[in-house]
Amino acid sequence: MSLAFLFPGQGSQSVGMGAELAESFAAARAVFEEVDDALGQHLFKLMREGPVEDLTLTENAQPALMAVSLATMAALRKDFGVEVGRAAFAAAGALSLGDAARLLKLRGQAMQRAVPVGEGAMASLIGPKSDVALAEAAAAAGSAAGVCVVANDNNAGNVVISGAKAAVDLAIEKAKELGARAIPLNVSAPFHCPLMAPAAEEMAEALGDAKIIAPRPPIVANVTARPTANAEEIRRLLVEQVTGRVRWRESMEWLAGEGGITVFAEAGSGKVLTGIAKRIAPEAAAFALNGPADLEAFAKSL
């Protein structure tokens, strides 16, 4: 058996996230407390009680999702003796918990500053014909009205485009002509596209002072879909992912293929990545770890 942990991104947050973990596991509570201390705010209170409008803000959602993921990992280690497989930067030890929380909050603030609300957009292209080629054709058509690129290659039948609102609107029409279903996403900024360049510059400056060590085990970076354990490469990739495409399908294919992964566990809030894992690697086992009962069942299965 070879195990990889998956960590959900923005959109998976929900009010109440992490509450059961904190009630059941001291190790999880310690993570939430450390994140609060690092940020100088009551983030965990916001996670437990909302309001959802504040939790959904990028500067809150990103560190909140990281916190609940790492709280899950801490409980698995401390209470169930489960060690990590391939994982994200903070979980694999490349960044300290405090630095990761501060960097994620900064990234969220920088992303929101990069493009005023209402000037950018993202859309999911869904359906049997919705592959990268169709999305790139739609984005190319949209580029007549401004920046428009493929932002997320999630899996066959689910690709996301991002850019200026007028350009994305035009790309949506082209995607429909090509046979895709297009769903505008409720996001506050056009993530993973060149419009995020100012945010990438801020991240590069912030990461210049961050202590990054070689992770153990290596992580698979979603901007390259390949593993890395090189600290300076990680520093560069953390900047590139602000504007770069999320190559999730390719990452999962590498893990299930060359990586030899047979078990995927989504550590955090929701089960979106679990579903994607089953579609890309149907022979692998997949677990969504959303609370104490899920953690116990997962640990017993190993």
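1. Asparagine 60 lies in helix H5; helices (H or I, at least four residues) and strands (E, at least two) are DSSP runs, numbered from the N terminus. Asparagine 60 is buried, at a relative accessible area of 7%, where buried means under 20% relative accessible area, exposed over 50%, and partly exposed in between (1.4 Å probe, protein chains only). Not counting residues up to four places away in sequence, asparagine 60 touches Gln41, Leu43, Leu46, Asp54, Leu55 and Lys105; contact means heavy atoms within 4.5 Å.

2. A note on the source. The model is predicted, and local features need pLDDT of at least 70, side-chain atom pairs count only at pLDDT 80 or more, while totals for chains, interfaces and linings use all residues. Residues are numbered from 1 along each chain as its sequence is written, and side-chain values use heavy atoms, with hydrogens and water left out.

3. The largest nonpolar core has 65 residues, and Phe5, Phe32, Val35, Met47 and Phe298 touch the most other members. Such a core is a set of buried Ala, Val, Leu, Ile, Met, Phe, Trp, Tyr and Cys residues joined through side-chain atoms within 4.5 Å. Helix H5 (residues 58-80) gives the largest share of this core, 11 residues. Another core, of 19 residues, lies apart from it and has Ile161, Ala164, Ala171 and Ala180 among its members.

4. Two packed helices are described by the angle between their axes and the distance between the axes. Axes are lines fitted to C-alpha atoms, for helices over the stretch in contact, and angles run from 0 to 180 degrees between N-to-C directions. The axes of H5 and helix H13 (residues 292-301) come within 11 Å and cross at roughly 55°. H5 and H13 are therefore oblique to each other: angles under 35 degrees count as roughly parallel, over 145 as roughly antiparallel, 65 to 115 as roughly perpendicular and the rest as oblique. H5 passes H13 in a right-handed crossing; a crossing is left-handed if the near helix is turned anticlockwise from the far one by less than a right angle, and right-handed if clockwise. On the H5 side, Thr72, Ala75, Leu76 and Phe80 meet Leu295, Glu296, Phe298 and Ala299 in H13. By class, this contact has 6 nonpolar, 1 polar and 1 charged residues. Ala, Val, Leu, Ile, Met, Phe, Trp, Tyr, Cys and Pro count as nonpolar, Asp, Glu, Lys and Arg as charged, and the others, Gly among them, as polar.

5. Helix H2 (residues 26-39) packs with helix H6 (residues 97-114) at an angle of about 55°, and their axes are 9 Å apart. That makes H2 oblique to H6. The crossing of H2 and H6 is right-handed. H2 makes the contact through Val31, Glu34, Val35, Ala38 and Leu39, and H6 through Leu97, Gly98, Ala101, Arg102 and Lys105.

6. Alanine 138 is placed in helix H7 (residues 132-142) and is buried, with a relative accessible area of 0%. Alanine 138 and lysine 174 are 36 residues apart in sequence, yet 5.2 Å apart in space, C-alpha to C-alpha.

7. Some backbone values deserve a check. Most residues other than glycine have a negative phi, and most peptide bonds are trans. A cis peptide bond joins glycine 50 and proline 51, with omega about 10°. Histidine 192, not a glycine, has a positive phi of about 55°, and alanine 225, not a glycine, has one of about 60°.
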